[in-house]
Amino acid sequence: MVTLNHTAWSRLSGPEKQQMLQERLPKGFSFCRLERFERYGQSLETGVCAYEGVEFVFVPGNEVTLGWDGWSGEPDSTASRVMEESFALIGVASEKVEERLRGIMTPVRNAVIQPMLVERNTQSVGWTEVTARELDAEKHAELFERLDTFKNNSNGNREYYPSYRLDRDGEQIRIYLFNESEDFEDWADYTLKREFDILTEDEWEYLYGAGCRTLFPWGDGMNDSMYLELPNAFGLYFLGDPYQKELTRTGDGGSIGKGGDGMVIHSGGPGEFFSYLTTAVYYHDHHEDEQEWMDWLDQLHYRRIVRL
């Protein structure tokens, strides 16, 4: 479908975009609106759709270059100084900084990104929200007892237990059960409906960076723009939290978390730069396989996609 690639899509008028997308929406999806998203000097007018009340955006297909092989230009003096000072503290000379960063990032390669519908926000892999009505009174007797105590206790907004969590949200108490899946395949079989998938590592890097070729989505340095509460140029929200990771598929059928590493890398270097290095567009956690699936569950998130 040539008209669903990025170049052809950008040439369509608003009514043409709406018609094109409505004709291709999978069962269960409804068209909501066209919206233009802008961030970090990039923009895209695209369709916002809904599935069971959850918003998805349409991302046109594209042929792209991914991975990091050096600066796209000269990093500004402040960014360069911060990085050099941080690496100097772990014994890396300034002329070796770029080489060291290159080894941490994914290699440069070309990729074909299919057009897709992408869930705008992530969901927790480790925790599933449920209502009290969905719980079995006998099986979850302890939970109900703790829930009553939590409702009447104004101290604290969250309580953790091995198999469940209680969060205070204003006057409402949210209940979360902990996921007890044994591995990625077990989780995917249970969680993802047949029509849904999650992003590959290639797709995630493209969507997170919105096509940028810089170290971070906002550029090559550290600045106030690094906080990612706002949607990016594709209308997607990313965690931007070095403690958290977004679950993606790897080419060999496995999985890897992107966008963080649970702050493991911070133990290898002090300072803010190392704290946020894992939120770089092409950061790849080379130590992820040192921990088991269950060890990551509390830090993992995912978003559903449908390739068109």
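**Salt bridges in a predicted model**

Let me begin with D197, which counts as buried at 15% relative accessibility, where buried means under 20% relative accessible area, exposed means over 50%, and partly exposed lies in between, all with a 1.4 Å probe and protein chains only. Residues are numbered from 1 along each chain as its sequence is written, and side-chain values use heavy atoms, with hydrogens and water left out.

What does the side chain of D197 meet in a salt bridge? The partner is R249, at 2.6 Å from N to O, and by salt bridge I mean a side-chain nitrogen of Lys or Arg within 4 Å of a carboxyl oxygen of Asp or Glu. This pair links distant parts of the chain, since D197 sits in the loop between α6 (184-191) and α7 (201-209) while R249 belongs to strand β12 (residues 245-249), 52 residues apart. Helices here are DSSP runs of H or I with at least four residues, and strands are runs of E with at least two, numbered from the N terminus. R249, for its part, is partly exposed, with a relative accessible area of 24%.

Turning to the whole structure, a search finds 24 salt bridges, and one of them joins E119 to R304, with the closest N and O atoms 3.0 Å apart. Because E119 lies in strand β6 (residues 116-119) and R304 in the loop between β14 (300-302) and β15 (305-307), the pair ties together parts that are 185 residues apart in sequence. Both partners count as buried, E119 at 3% relative accessibility and R304 at 13%.

Another pair is E23 with R24, whose closest N and O atoms are 3.7 Å apart; here E23 is exposed, with a relative accessible area of 55%, whereas R24 is partly exposed, at 24%.

Finally, let me come to helix α7, where eight of the nine residues are buried, so that the helix is largely enclosed by the rest of the structure. The buried residues of α7 include E201, W204, E205 and Y208. E201 and E205 also belong to a network of salt bridges that links them with R109, D202 and K258. Just after α7, A210 takes a positive phi of about 50°.

Definitions and conventions: Predicted model: local features only at pLDDT ≥ 70, side-chain atom pairs only at ≥ 80, totals over all residues.
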